[in-house]
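Trainee: I am new to this structure and would be grateful for a close look at a single part of it. Could you please take the salt bridges and describe the residues that form them?

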Amino acid sequence: MRDRAHSGWGWLRDEELIASVHAAGGLAAYLPGERIGTRDQVILRLAVDPDGHVATTTPGGPPTAGPQLEDFLMPILDRLRVLAIVDPETAIGPPGLPADQLRQDAEQPDADTRQVYAWQAKDTTVGRIVATSLDQNLDLHRDGDWVIAAPAHGSPLVLHQAPGRGRMSIHPFVIVERRAELRAFTYIGGAKDSDLRVHVESGPPLLPAPPPGAHPDTTALSQWLARPEENHEHAPGAPSGVATPSPAQVAVIERVISGDDPSSALEQLCQTFEVPELVARLAEVPHGQPDPVTPWQIVSPQSRRGIVAAAIADANSDEPTGRMPWHALDRAIYHRPTLGLALGFIEMVLAGILVAVVINGLLSPWWWILVGAIVLVAMDHTTSGAIRRHALRHEESSPDPTD
């Protein structure tokens with residue numbers, strides 16, 4: 001069983017919590033808050049039988065089935081004035097504690113934490129959406145076909161899925177998280193339930209905490225709680241038609257879960273899922289240290305209108321290529337957008353003259369085809385010029401990453 005004890009009245013000292021567990025006759029394994037990167041928490045694992053009874057001991061005696069979990073925890077929680085989050089849906093604590101607020105506070109990371117996001121794209125549009133969702137500036141990096149977003153350390157907001165909905169979301173979307181000595185890797189292959197989805201957590205083993213002078217069986221049980229390898233349950237087979245990791249990926253996942261080398265866990269997972277290694281490197285940067293590479297761009301939270309405008313600017317940020325005459329004209333409009341606007345105006349005037357001439361019967365009706373072609377070309381030149389002019393204005397107003 002894995003509990004998180006959380007205090008609402010200041011730093012929860014893990015030694016005080018363990019002493020209280022021992023005083024109640026319990027045994028445990030635990031990790032203190034400074035190792036899990038979340039302020040004011042302790043991960044506490046107790047031995048509980050299928051009927052919900054906590055394993056307890058008498059001085060020097062072997063472990064036996066004790067009281068129910070809540071009956072065991074409540075006196076401890078009441079004395080320490082803390083809340084125990086037994087699972088995502090269950091919290092136990094004394095009356096008077098603001099449970100909802102404490103649960104929310106329990107998810108707030110310390111400074112020595114970082115989440116890094118990655119997806120496949122060619123522009124910054126999704127990065128701006130992520131920055132808006134997190135309500136902070138983001139450093140964007142490019143690595144091949146991937147865009148990588150690195151928020152500041154200790155970001156109070158975390159994304160758990162790709163931005164957007166259904167088929168409009170971006171996949172694959174990868175979320176890498178480091179919380180002090182804990183690591184998490186999430187790979188979301190697509191928006192459909194049948195697409196590959198993987199979530200892996202890795203971290204240091206818990207610390208065994210048998211009571212002083214414990215019976216050998218009690219000590220053995222406490223050590224087993226710290227690393228219950230034999231308690232590993234293989235996930236049930238995926239339903240038919242649902243994507244699953246390859247055997248090679250499964251082997252890496254199992255190696256990472258063992259926790260033998262947590263510092264390389266994210267690098268191994270990125271490599272086996274063909275995610276840029278830079279994602280892991282950025283997540284592993286210690287708080288207060290500079291990132292190893294200069295960002296490609298820095299994006300800021302924006303309104304929906306601003307995101308759309310930026311997307312238009314991104315779509316027209318690359319200079320046209322090609323050797324045909326019209327390609328040369330496209331490049332001229334790229335560098336001088338007013339030329340596109342002027343050409344569009346002239347072409348529309350010419351189309352208007354031809355319309356008048358054809359209507360008066362001075363030209364064959366087949367000239368309507370030429371009129372339509374001129375109108376389409378005029379619209380293309382006018383639109384290209386207007387969008388490119390907007391893109392240039394956007395580039396002039398965007399922050400310089402070197403500032």
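**Salt bridges and their surroundings**

Mentor: Arg 281 is partly exposed, with a relative accessibility of 36%. The model under discussion is a predicted one. The side chain of Arg 281 meets that of Glu 277 in a salt bridge, at 4.0 Å from N to O. Both residues belong to helix α9, which covers residues 277-283, and they stand four residues apart, about one turn of the helix. Glu 277 has a relative accessibility of 37%. Because that value lies between the limits of 20% for buried and 50% for exposed, Glu 277 counts as partly exposed.

This pair may be set within the wider picture. Seven salt bridges are found when the whole structure is searched. Among them is the one between Arg 35 and Glu 181, whose closest N and O atoms are 2.8 Å apart. Arg 35 is partly exposed at 21% relative accessibility. Glu 181 is also partly exposed, and its relative accessible area is 30%.

A further salt bridge joins Asp 112 and Arg 178, the closest N and O atoms being 3.1 Å apart. It too links distant parts of the chain, the two residues being 66 residues apart. Asp 112 is found in the loop between α4 (99-106) and β8 (113-120), while Arg 178 is part of strand β11. The accessibility of the two partners is as follows. Asp 112 is partly exposed, with a relative accessible area of 33%. Arg 178 has a relative accessible area of 4% and therefore counts as buried, because the limit for that class is under 20%.

The side chains of Ser 264 and Gln 268 are joined by a polar contact of 2.9 Å. Ser 264 is placed in the loop between α7 (247-257) and α8 (265-272). With a relative accessible area of 15%, Ser 264 is buried.

To return to the part with which this answer began, the bridge between Arg 281 and Glu 277 lies within helix α9, and its N to O distance is 4.0 Å.

Key:
Residues are numbered from 1 along each chain as its sequence is written. This is a predicted model: local features need pLDDT of at least 70, side-chain atom pairs count only at pLDDT 80 or more; totals for chains, interfaces and linings use all residues. Side-chain values use heavy atoms; hydrogens and water are left out. Buried means under 20% relative accessible area, exposed over 50%, partly exposed in between (1.4 Å probe, protein chains only). A polar contact is a pair of N or O atoms within 3.5 Å; within protein, one must be able to donate a hydrogen and the other to accept it, and residues adjacent in sequence count only if both atoms are side-chain atoms.
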